[in-house]
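This briefing goes through a protein structure residue by residue and then as a whole. The sequence and the structure come first.

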Amino acid sequence: MEQTAAAGSPAVVDCEQLVSVIGDAVIVSDPAGAITLWNAAAERMFGFTPDEAMGKSLDIIIPERQRQRHWDGYGKTMATGETRYGHDLLRVPAVHKDGHSLSIAFTVALLRGTDGAVTGIVAVVRDETDRWTEERKLRRRLAELEAVATAAG
């Protein structure tokens with residue numbers, strides 16, 4: 001990946017450094033769903049060290065009740081080589097190492113080998129738990145106010 005610096009000289013972007021310092025979690029998994037890349041933000045977000053996450057199934061961060069749906073979609077993506085979540089933000093629940101629930105939002109991109117076959121999926125993930133909690137409180141308060149207004153009719 002090469003960018004042009006302001007002065008016109010080429011500025012090479014160190015992709016490994018970029019992934020290690022970016023604030024969003026970057027997680028790569030292979031076609032079977034085993035984790036092959038887990039950056040520092042993923043560790044902060046989910047609580048698993050790279051040693052604990054690497055080679056493990058994505059199930060370590062997927063709530064049990066969501067797993068079947070996740071793997072159905074994952075399998076379809078691997079079979080078709082297509083995903084709609086490259087541009088559309090996906091919001092789903094997740095689970096931290098200590099068991100507490102998270103609300104995450106992410107996009108994915110398919111990684112391909114030189115032959116065009118899908119070799120993995122990269123997800124760029126953001127923790128939206130605080131935002132989701134605040135929205136839920138606001139929706140609850142709005143419902144309460146609407147009920148009062150209707151009752152006062």
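His-96 touches Met-45, Phe-46, Gly-47 and Leu-102, where a contact means heavy atoms within 4.5 Å and residues up to four places away in sequence are not counted. The model is a predicted one, in which local features need pLDDT of at least 70 and side-chain atom pairs count only at pLDDT 80 or more, while totals for chains, interfaces and linings use all residues. Residues are numbered from 1 along each chain as its sequence is written, and side-chain values use heavy atoms, with hydrogens and water left out.

- His-96 sits in the loop between E5 and E6; strands (E, at least two residues) and helices (H or I, at least four) are DSSP runs numbered from the N terminus.
- The relative accessible area of His-96 is 15%, so this residue is buried; buried means under 20%, exposed over 50%, and partly exposed in between, with a 1.4 Å probe and protein chains only.
- Ala-34 is in the loop between E3 and E4, and Ala-34 counts as buried because its relative accessible area is 17%.
- Val-28, Ser-29, Gly-55, Lys-56 and Ser-57 are touched by Ala-34, again not counting residues up to four places away in sequence.
- From Ala-34 to Met-54 the sequence distance is 20 residues, and the C-alpha to C-alpha distance is 7.5 Å.

**Residues in helices and strands**

- Thr-77 belongs to helix H4 and is buried because its relative accessibility is 11%.
- Apart from neighbours within four places in sequence, Thr-77 contacts Glu-82, Thr-83, Leu-110 and Ile-121.
- Ala-123 is part of strand E7; with a relative accessible area of 13%, Ala-123 is buried.
- Once neighbours within four places in sequence are left aside, the contacts of Ala-123 are Ala-25, Val-26, Ile-27, Phe-106, Thr-107 and Val-108.
- Val-19 lies in helix H1 (residues 15-21) and counts as partly exposed, because its relative accessibility is 23%.
- Val-19 contacts Val-26, Leu-37 and Asn-39, leaving aside neighbours within four places in sequence.
- Val-19 and Ala-41 are 22 residues apart along the chain, with 9.0 Å between their C-alpha atoms.

**Nonpolar core**

- A nonpolar core is a set of buried Ala, Val, Leu, Ile, Met, Phe, Trp, Tyr and Cys residues joined through side-chain atoms within 4.5 Å.
- The largest such core has 26 residues, and those with the most contacts inside it are Ile-27, Trp-38, Phe-46, Ile-104 and Val-125.
- Two or more residues of this core come from each of strands E3 (25-29), E4 (35-38), E5 (90-95), E6 (101-112) and E7 (118-127), and from helices H2 (40-46) and H4 (67-80).
- The element that gives the most to this core is E6, with five residues.
- Among the residues touched by Trp-38 are Val-26, Ile-27, Phe-46, Phe-48, Met-54, Ile-60 and Ile-61, not counting residues up to four places away in sequence.
- In soluble globular proteins, nonpolar side chains tend to be buried together.

**Overall architecture**

- The protein contains five helices and seven strands, in the sequence pattern β-β-α-β-β-α-α-α-β-β-β-α.
- Its radius of gyration is 19 Å, whereas a compact globule of 153 residues would have one near 15 Å; the radius is taken over C-alpha atoms, and the globule rule is 2.2 Å times the number of residues to the power 0.38.
- The C-alpha trace spans about 65 × 45 × 30 Å along the principal axes.
- Of the 153 residues, 29% count as buried.
- Among contacts with a separation of 6 or more, 39% are between residues 24 or more positions apart.
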